[in-house]
Amino acid sequence: MATLVHENVKKYYGSRLECSEDLQTNASCTLPSRPMSRSAFDALKLVHPEVCKKYFGCGLVVPEKLRGCKILDLGSGSGRDCYILSKLVGKSGHVIGIDMTEELVVAARKYIQYHQEKFGFEKPNTIFVQGYMERLNEAGIQSNTLDVLVSNCVICLCPDKKAVLQEAYRVLKEGGEFYFSDMYASKVVPENLKQDPVLWGEGMGGSLYWQDLIALVKEIGFSTPRLVTASHIMVHNSELQRKAGDIMYASGTYRFFKLPKNSVEAPAMVTYKGTVPDYSEQLDLDSLHSFKRDVPVPVDAETAAVLRFSRFSDDFCIQSCDGPVTSQSCPSQDCHLSPFLLADRLGSSIKQCSKTGRADGTAASDCDAEEATSSCGQ
């Protein structure tokens, strides 16, 4: 099935979809419930409009503190996110985009020199390779070499999610992070829906049940996933609605880390120094953990390990503390990781729009105006 799925997705995104408005859900035109940093916003405004036109993501995959980082974008498409990241890592950083669809890789490569000159770099810091995210070794991505992996609404298109996560774990350095947005289902998607090429191309047929993501990530060896933000995904095509039945979909942005073995030791009291660019007053690690500058906060043992061994290690004062620390009481162990519950909580601040047009009937056009730029799939 894997080869057939790959070929169907290549056709769907390589030739059938000309721009993001051709999709049948609002996954790539939802306003962010988490504000974009000023640096990311400024970088996005510099991205070539033709690159944005073929953007098919469902979230904002720009974590904090990227200067000098080596980043890999899984399923980089036309390169929009790669070019934003290219600006943020600076001339000392490096960004690799990998995608299996030749048409999208060619489209992304076309603007390498344009963005190099736009950002004022002496030489390009971005490359695009054609390949499969389940087989990064075939694309020459070596083990323990990357600081950050990102992915934007692409893992739902992959038939072997476990292989993707295993490869991600392999290529990340210790302390490295996987920060990605994807589509998730409210229940396990039945096999008959997975066979539908349009449902799969829209991300609906291949969406993981969100609790299965949590189990997979822990099995492979990553830290517990942290839910950053989420929004509901509306399906505007009545035929796809009928096929999906009572399955609901949400976009969720998660982050998790490759921690050194036996690094999770004890709870701690941590104090943010205010040193991360764009976040001088407050740094939000996820939807539960927010750190104001110079304010001590008790955290659990795993959160302490994340802050101690990741690229944020110099930005926090970390002191051991006695006694257990819990983030919040919750009737279900993983309820704080549900994108559906978080989307409900943030729903009033999310503007929904149709991929096939705005509420006033005019066509949507990502990235071609300030309003559209701010909502360009974030």
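The legends below describe close-up views of a predicted model. Local features need pLDDT of at least 70 and side-chain atom pairs count only at pLDDT 80 or more, while totals for chains, interfaces and linings use all residues. Residues are numbered from 1 along each chain as its sequence is written, and side-chain values use heavy atoms, with hydrogens and water left out.

**View 1. The largest nonpolar core.** This core (buried Ala, Val, Leu, Ile, Met, Phe, Trp, Tyr and Cys residues joined through side-chain atoms within 4.5 Å; buried means under 20% relative accessible area with a 1.4 Å probe, protein chains only) has 41 residues, of which Leu72, Leu74, Leu149, Phe178 and Tyr254 touch the most other members. Helix α10, residues 210–220, supplies the largest share of this core, six residues (helices are DSSP runs of H or I, at least four residues, and strands are E runs of at least two, numbered from the N terminus). A second, separate core of 30 residues includes Met36, Ala43, Val51 and Ile71.

**View 2. The surroundings of Ser78.** Ser78 lies in the loop between β1 (70–74) and α4 (80–89), and it counts as buried because its relative accessibility is 4%. Its side chain reaches the backbone oxygen of Val51 at 2.7 Å. Residues up to four places away in sequence aside, Ser78 is in contact (heavy atoms within 4.5 Å) with Val51, Lys54, Tyr55, Tyr83, Leu104, Ala107 and Ala108.

**View 3. Helix α4 and the residue after it.** Nine of the ten residues of α4 are buried, among them Arg80, Asp81, Cys82 and Tyr83. Just after α4, Gly90 adopts a positive phi of about 80°.

Conventions. Buried means under 20% relative accessible area, exposed over 50%, partly exposed in between (1.4 Å probe, protein chains only). A polar contact is a pair of N or O atoms within 3.5 Å; within protein, one must be able to donate a hydrogen and the other to accept it, and residues adjacent in sequence count only if both atoms are side-chain atoms.
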